[in-house]
Amino acid sequence: MMHPFPVACAAVLYLGLPGIAQAQQPDLYFQLGAVWAAPLLHDNIAGQEITTQQSIAPMVRIGAGLPVAPKVGAGLEAAVAWGGYSADYAGSSTDLGNITTLSFLANLNGPIAQRLRWRVGIGMIGTIPGEDAGIFLQGGSWNALFSAGVDYYVPLKPKFDLMIGARADTHTLTPGQTTLVGFSGTQWVPRVSLGVGLSLKRVANP
Amino acid sequence: MTRRGLRWALLALVAGCGDAAAPLRADHYEWRLFEPAGGGGTDTLAFAWPSASQPLRIWAQDTLDLPAHTTSAIQMWEAQFLYGEFRGELVTDSLGADIIVVAGSAPAGGPVLPSMARECQGATDVAVDALTFLLSPPMHIYVELRFAEGTPGTDSCLNLTTAHELGHALGIFQHSPDPDDLMYSDPIVTAPSARDRNTAERAYHTPTTIQLSR
């Protein structure tokens with residue numbers, strides 16, 4: 001069954017895009033890039049350290065927004081990344097299959113300097129395994145996501161800017177199986193991503 | 001305003017770095033075999049299938065619904081591990097299998113781990129060379145009925161007994177003293193318990209003394 005949050009976010013993006021595109025200063029962008037994530041889980045069994053780690057994952061990011069104040073914009077951003085993950089222990093690595101992350105962020109943005117803008121957001125991220133096994137035996141999970149980053153715009157065409165986006169974000173991770181086997185507390189997973197793409201709007205000089 | 005916002009955002013990111021606390025898994029039972037050694041000492045026999053052997057190839061004789069019971073047993077034990085330590089697949093050709101499940105009694109005289117449920121019984125051979133500590137697959141699991149086929153309870157018994165014996169084949173070489181565990185000598189429960197899970201996980205993250213010989 002689909003989680004209601006991503007469905008709602010996708011619907012807002014889909015329904016809002018035509019209006020944003022018609023706006024005076026629309027903020028529409030598309031990026032391709034990669035995301036690196038810190039370990040998904042640290043474990044210790046009988047003194048042996050085990051680290052579950054995602055690989056660097058290719059990523060697609062889209063976003064849309066509108067100005068809400070003279071120097072502040074608001075928008076929604078969605079990103080999907082997919083790659084492998086593995087468990088590393090005793091000097092070897094066990095391939096655990098594939099994992100997809102799907103994230104939705106509501107964000108605010110504004111100018112830092114010419115062509116450079118800040119962007120901070122809050123939202124949710126879904127961690128979806130290719131196979132329900134291991135720490136994801138009971139499936140993936142949806143968790144809170146907090147993001148901050150910068151976007152750099154390079155004039156490219158009259159209607160498009162080249163856009164380079166860097167993000168640092170962090171999210172909690174709570175697969176049901178880890179709770180079942182006795183993990184406690186909150187696992188935070190910081191991530192860093194870099195994307196390059198096109199932005200429909202050339203950012204006005206701050 | 002902007003810079004202060006960025007500082008708060010960075011602070012939030014730094015604060016958002018922390019790990020969940022791993023369970024202690026203290027509740028487990030002894031899974032290793034202890035054999036008398038020369039000089040009055042004791043040898044500890046511990047075994048776990050190496051990750052390079054995964055997924056284990058498991059063949060089941062096509063009688064007593066053993067393929068279905070074996071598939072169920074594979075799924076039960078796979079679900080106990082978090083990091084792919086054990087993965088199994090049912091194969092159709094016994095040639096090259098790591099584990100063979102057959103109907104019948106274990107040959108007399110071999111090193112076996114027996115179990116006796118109410119309606120059926122099982123055994124697993126642990127053919128370890130006493131001198132070299134080498135284990136040569138395939139391991140054999142024997143399962144047999146104690147009453148006529150079709151007797152009420154036999155299907156459930158075969159299921160739990162096959163799972164129990166697969167636990168031995170995975171490296172749990174001793175029985176649990178607790179009847180609430182699947183690895184109790186005369187198993188009653190139908191699936192591995194938390195203690196079974198803790199024990200299996202420990203078996204796969206503890207140094208082994210028995211090596212695989214192919």
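1. Let us start with A:Arg115. This residue counts as partly exposed because it has 18 C-beta neighbours inside 10 Å. (A residue is buried with 20 or more other C-beta atoms within 10 Å of its own, exposed with 12 or fewer, and partly exposed in between, the C-beta atoms being placed from the backbone.) A:Arg115 sits in the loop between strand 6 and strand 7 of chain A, and its phi is near 70°, a positive value in a residue other than glycine. Helices (H or I, at least four residues) and strands (E, at least two) are DSSP runs, numbered from the N terminus.

2. Before going on, a word about what you are looking at. This is a predicted model, in which local features need pLDDT of at least 70, side-chain atom pairs count only at pLDDT 80 or more, and totals for chains, interfaces and linings use all residues. Residues are numbered from 1 along each chain as its sequence is written, while chains are lettered from A and ligands numbered from 1 in the order in which they are written. The model scores ipTM 0.86 and pTM 0.86. Chain B has a mean pLDDT of 89, with 90% of its residues at 70 or more; pLDDT is the predictor's confidence in each residue, from 0 to 100.

3. Now for chain A as a whole. You can find two helices and 10 strands in it, and along the sequence they follow the pattern α-β-β-β-β-β-β-β-β-β-α-β. Of its 206 residues, 40% count as buried. Among contacts in chain A between residues at least 6 apart in sequence, 63% join residues at least 24 apart. (Two residues are in contact if their C-beta atoms, placed from the backbone, lie within 7 Å.)

4. Leaving out residues up to four places away in sequence, A:Asn44 touches A:Glu49 and B:Ala22. A:Ala46 lies in the loop between strand 2 and strand 3 of chain A. Although A:Ala46 is not a glycine, its phi is positive, about 50°.

5. How many residues of each chain are in contact with the other? The count is 36 residues of chain A and 28 residues of chain B. On the chain A side, several elements give two or more residues, including strand 2 (41–45), strand 5 (72–89) and strand 10 (187–199). The residues on that side divide into 20 nonpolar, 15 polar and one charged. Here Ala, Val, Leu, Ile, Met, Phe, Trp, Tyr, Cys and Pro count as nonpolar, Asp, Glu, Lys and Arg as charged, and the others, Gly among them, as polar.

6. Next come the cores. The largest nonpolar core has 73 residues, and B:Ile58, B:Ile99 and B:Leu170 are among those with the most contacts inside it. (A nonpolar core is a set of buried Ala, Val, Leu, Ile, Met, Phe, Trp, Tyr and Cys residues joined through C-beta atoms within 7 Å.) Helix 3 (residues 154–170) of chain B gives the largest share of this core, seven residues. A second, separate core of seven residues includes A:Leu76, A:Leu105, A:Ile125 and A:Leu145.

7. Just after helix 3, B:Gly171 takes a positive phi of about 125°.

8. Which residues of helix 2 of chain B are buried? They are B:Leu66, B:His69, B:Thr70, B:Ala73, B:Ile74, B:Met76 and B:Trp77. These residues cover an arc of only 165° around the axis, so they lie on the same side of helix 2 of chain B. (The arc is that of the directions from the helix axis to the C-beta atoms.)

9. Finally, B:Gly88 and one of its contacts. B:Gly88 belongs to strand 4 of chain B and is buried, with 23 other C-beta atoms within 10 Å. Its contacts, leaving aside neighbours within four places in sequence, include B:Pro55 and B:Ile58. A cis peptide bond joins B:Gln54 and B:Pro55, with omega about -5°.
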